[in-house]
Amino acid sequence: MADHDDNPFGRGGMSAGEVRRIATGADPMGTWEQVQADVITSVEALLAELGLSAADLPASLRAAADFPLRVPRSYAQRIAPGDPEDPLLRQVLAAPEEVQPVPGYGPDPLAEAAHTPVPGVLHKYHGRVLLVVTGACAVHCRYCFRRHFPYSEHMPTPERLSRALDWLAQQTDVSEVILSGGDPLSLSDRRLSALIEALAAMPHLKRLRIHSRLPVVIPGRMTPTLQEALTSARWQSVLVLHANHARELSPGLGAELAPLRQAGVTLLNQAVLLRGVNDRLADQVALSEALFASGVLPYYLHQLDRVAGAAHFAVPDQEALALHRALRGRLPGYLVPRLVREVAGDEAKTPLHEAL
Ligand SMILES: *Cc1c(COP(=O)(O)O)cnc(C)c1O
Ligand code: SF4
């Protein structure tokens, strides 16, 4: 679990060129994934770990070749052994339905390709820009809307990231930069620190936001160096976690996030509404309660994006609205996430009742 990255900052400073060099990846230091390499990548190994056999599960267990199984052992340990219906297992193990084409489900459901001013940048909404800083994720989630994302075209090579930073430096109407991916926290602390420093040098940027599943999936990811990078920059930071089920939150998460909270980092969560994972009222109540206990507020509950291979996770809109109504009847308003659908071309996430 040790992260051997040293914070290169705060001890004598670096030239802008050096910061840029590290920020964009021209640096031999290892990534978080290399540090945290205890990952299960075969269906057989995962089932063995859980005391399941192929006979317990539907016939086709082959994950799509372009989106292979990937489960860190730290996450596998939170899956209930012997339960083929486990909501965490369902998020990572390919279902046989995955390979069946479903009308309306395609490779790029959000038409992201149309919002790419330069490779590695998504600019859809006023004032916010999303920077794809890596294609790597610690875990492969079967419902992922970027599962067919052409990372090879957008792969943040040093040259591309450098060009993206140059572009961003010119966009004076952008006030918030969002690090995304892949999972941005799969980058090494050294990379992240340099990236954040390079961004902080752009005076028009007021806020930094990171969307990540890593703090949920890999306990220990919030290293002191990362905390320092998130709290020492001149701006306010927002960390949006991605957890879909209460059992995904490790008991130590709250303690790990506490220094961020104390330093004023806003901690939010977004979830995707998933059939068989979190589509019952009790699941949603438990998730909101568990998030709050860890110091995190629910932000969005997304209707599934219609990405090919994920149709079996879809919850019909009317059912989603009824669930959300019931949730409002059970929890204080601040623990009820906004139920939204992303509609290609809309200027923001759309409340589901407006998207019908
Ligand atoms: C979702 C998203 C955002 C952030 O939207 P908020 O409503 O501000 O959370 C920004 N850019 C892109 C491309 C997005 O998909
Ligand atoms: S961590 Fe996020 S980007 Fe990565 S596979 Fe899961 S949902 Fe997709």
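In which helix does Leu 192 lie? The points below begin with that residue and then follow the sheet and the ligand site.

1. Basis of the note. This is a predicted model, in which local features need pLDDT of at least 70, side-chain atom pairs count only at pLDDT 80 or more, and totals for chains, interfaces and linings use all residues. Residues are numbered from 1 along each chain as its sequence is written, chains are lettered from A and ligands numbered from 1 in the order in which they are written, and side-chain values use heavy atoms, with hydrogens and water left out.

2. Leu 192. This residue belongs to helix H8, residues 189-200; helices (H or I, at least four residues) and strands (E, at least two) are DSSP runs numbered from the N terminus. Leu 192 has a relative accessible area of 0% and is therefore buried (buried means under 20% relative accessible area, exposed over 50%, partly exposed in between, with a 1.4 Å probe and protein chains only).

3. Nine strands form an open sheet with mixed pairing, in the order E3-E4-E5-E6-E7-E8-E9-E10-E11. Its edge strands are E3 and E11 (350-351), each of which pairs on one side only. Two strands pair if DSSP finds at least two bridges between them.

4. The hairpin at E3. Strands E3 (residues 121-125) and E4 (residues 128-132) run antiparallel and are joined by three bridges, with Val 121 opposite Leu 131. Two residues separate the strands of this hairpin, and Gly 127 in the turn has a positive phi of about 80 degrees.

5. Strand E5. All five residues of E5 (residues 176-180) are buried. In a regular strand the side chains alternate between the two faces of the sheet. On one side of E5 lie Glu 176, Ile 178 and Ser 180, and on the other Val 177 and Leu 179. E5 pairs in the parallel sense with E4 over five bridges and with E6 (residues 207-212) over four. E5, H8 and E6 make a right-handed β-α-β unit; right-handed means that, with the strands pointing away from the viewer, the path from the first strand over the helix to the second runs clockwise.

6. E6 and E7 are parallel over six bridges, and Ile 210 stands opposite Leu 239. E7 (residues 236-242) is joined to E8 by five parallel bridges, with Leu 241 opposite Asn 269. The crossover from E7 to E8 passes through helix H11 (residues 253-262) and is right-handed. Six of the seven residues of E8 (residues 266-272) are buried. E8 also pairs in parallel with E9 (residues 297-302) over five bridges, where Leu 268 has Leu 297 as its partner. The right-handed crossover from E8 to E9 runs through helix H12 (residues 281-293).

7. Ligand 2. Which residues are around ligand 2? They are Phe 67, Cys 137, Val 139, Cys 141, Cys 144, Gly 182 and Arg 213, each with a heavy atom within 4 Å of the ligand. By class, this shell has five nonpolar, one polar and one charged residues.

Technical notes: Nonpolar A, V, L, I, M, F, W, Y, C, P; charged D, E, K, R; others polar.
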